[in-house]
Amino acid sequence: MLTHDATKNGNRACPEFHPHECMQCGVCVASCAHKALTPVRRGAKYVIAVDADRCVGCGLCSRVCPAGFVPADRINFDAIADGNAFLSFATDKAVSHAASSGGTIRALATRFLARPNSFVYSLRKSPDGPIPDLLDATTVSEMPNSIYAPTMWGQNLAKVRRLSESDRLLIIGLPCQIKGARQLLANVRCKVYAIAIICRKTKDFRFADYVQRYHHLADDEPWVFRGYGWPGIIGNPDGAHSDYSSFSAIPFGLDIWNVEACSRCADCLAMDAADLTVGDPWGIYRANSNGCNFLLVNTPAGADLLAEAAADITREPLSRDEALSVVDRSAVNRKVDRLRYYTGLDRRIKTVLKYKALQLKSALAGAFVTAVGHTRLGATACQKLLAFDKRLKNLLR
């Protein structure tokens with residue numbers, strides 16, 4: 001998070017970076033026309049370096065930073081109804097099988113770019129890992145699958161400024177990224193659509209390091225987080241890999257290696273900022289072997305995007321109850337309660353002790369898994385630790 005009231009440089013107030021509140025979206029970097037902000041990888045995530053000599057003190061970076069307004073958000077569960085929730089997947093089975101879930105986003109992006117003057121802002125594969133970029137019909141195939149690591153997704157949003165009124169832009173990102181981008185792109189000339197990817201917490205680089213160590217992958221060895229059917233694999237498709245759902249149970253179940261600012265965000269859907277919200281169909285047991293997505297239509301513009309890609313996407317309506325089971329209302333409400341602690345609204349002794357205990361538990365579990373979880377005996381111990389952790393969470397609720 002960047003605030004604009006602390007660091008002074010002569011008569012100018014320069015932004016101050018708060019690492020524990022940074023959502024790693026990178027939108028602030030694109031907001032600065034004077035290139036005063038630079039993302040620098042430090043340890044398990046990025047920090048934003050501020051060049052006081054370049055900064056003119058305009059404050060735009062702090063105004064577009066989602067950490068400044070995401071915590072106030074709450075999910076409006078009443079907006080989820082029988083008519084706007086679906087299971088969906090790419091009709092092309094090859095596309096569906098290769099994607100993280102069902103290929104809905106990839107099919108939407110490909111069809112969107114089939115029309116002239118259309119562009120997609122998302123991530124693109126590169127030898128050095130995924131990079132944010134403006135994609136067209138010739139490069140959309142380079143979109144990667146899931147990325148459980150910081151990406152500085154928004155740092156190249158400035159490229160959008162060259163688009164004209166006759167152009168269309170589709171932005172695809174996590175809720176915090178979409179919210180920050182909406183603030184930054186409020187006055188662009190082109191028509192902007194947005195797809196949010198459901199996110200409950202973002203992992204830092206320690207998760208990717210663990211994947212490599214666990215599967216004994218070389219630094220230059222290609223590997224994937226998801227894809228190859230449902231629920232996908234993690235590791236090298238042609239070498240050492242694991243089933244995603246079983247492998248991810250430990251880091252997600254133990255609540256370790258998270259970007260800290262995710263504890264301050266209660267909005268996993270971004271229904272107020274995205275035309276469509278797409279995610280994994282956890283809790284729905286009608287998923288096919290190639291995979292499918294959970295899909296929410298939030299706006300008429302989202303309905304238009306789906307209509308445009310009607311030939312490329314297969315949809316099956318979900319009831320409101322089914323949709324709420326995927327969203328997991330109880331988990332979201334627990335996160336809202338936790339957010340009250342992190343934002344200082346609930347400072348009761350009981351609450352403080354509870355969350356201090358959970359923070360200590362996560363830190364110790366993370367250190368243990370990092371040290372020995374990649375070994376055979378360590379993996380067995382991690383499973384026992386996960387079972388114990390579930391009992392601990394029930395006691396602390």
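Analyst: With a term. Helices (at least four residues) and strands (at least two) are DSSP runs, numbered from the N terminus. The model is predicted.

User: Which elements each supply at least two residues of the lining of the second largest pocket?

Analyst: The general idea comes first. Rolling a probe the size of a water molecule over the atoms shows where empty space is left. Here, helix H3 (93-98), H4, strand E7 (131-135) and H6 each give at least two residues to the lining of the second largest pocket. That pocket holds about 1400 Å³ of space. Its lining counts 43 residues, and Gly129, Pro130, Pro144, Ile147 and Trp223 lie nearest the centre.

User: How many residues of that lining are nonpolar, polar and charged?

Analyst: The lining divides into 23 nonpolar, nine polar and 11 charged residues.

User: What should I look for in the backbone?

Analyst: Most residues other than glycine have a negative phi, and most peptide bonds are trans. In this model, a cis peptide bond joins Trp230 and Pro231, with omega about 0°. Pro231 sits in the loop between helix H6 (205-214) and strand E10 (233-235).

User: Which phi does Asn117 have, and where does Asn117 lie?

Analyst: Asn117 is not a glycine, yet its phi is positive, about 60°. Asn117 is in the loop between helix H4 (104-112) and strand E6 (118-124).

User: Is Trp257 buried or exposed?

Analyst: Buried means under 20% relative accessible area. Trp257 has 3% relative accessibility and therefore counts as buried. Trp257 also has a positive phi of about 60°, and is placed in the loop between helix H7 (244-253) and strand E12 (276-279). Asn117, by contrast, is partly exposed at 41%.

Terms used. Residues are numbered from 1 along each chain as its sequence is written. This is a predicted model: local features need pLDDT of at least 70, side-chain atom pairs count only at pLDDT 80 or more; totals for chains, interfaces and linings use all residues. Side-chain values use heavy atoms; hydrogens and water are left out. Buried means under 20% relative accessible area, exposed over 50%, partly exposed in between (1.4 Å probe, protein chains only). On a 1 Å grid over the protein atoms alone, a cavity is a set of points where a 1.4 Å probe fits but cannot get out, and a pocket is an open set with protein on both sides within 12 Å along at least five of seven lines; lining residues have an atom within 4 Å of a point. Grid points are joined across faces, edges and corners, and a volume is the space filled by probe spheres set on the points. Ala, Val, Leu, Ile, Met, Phe, Trp, Tyr, Cys and Pro count as nonpolar, Asp, Glu, Lys and Arg as charged, and the others, Gly among them, as polar.
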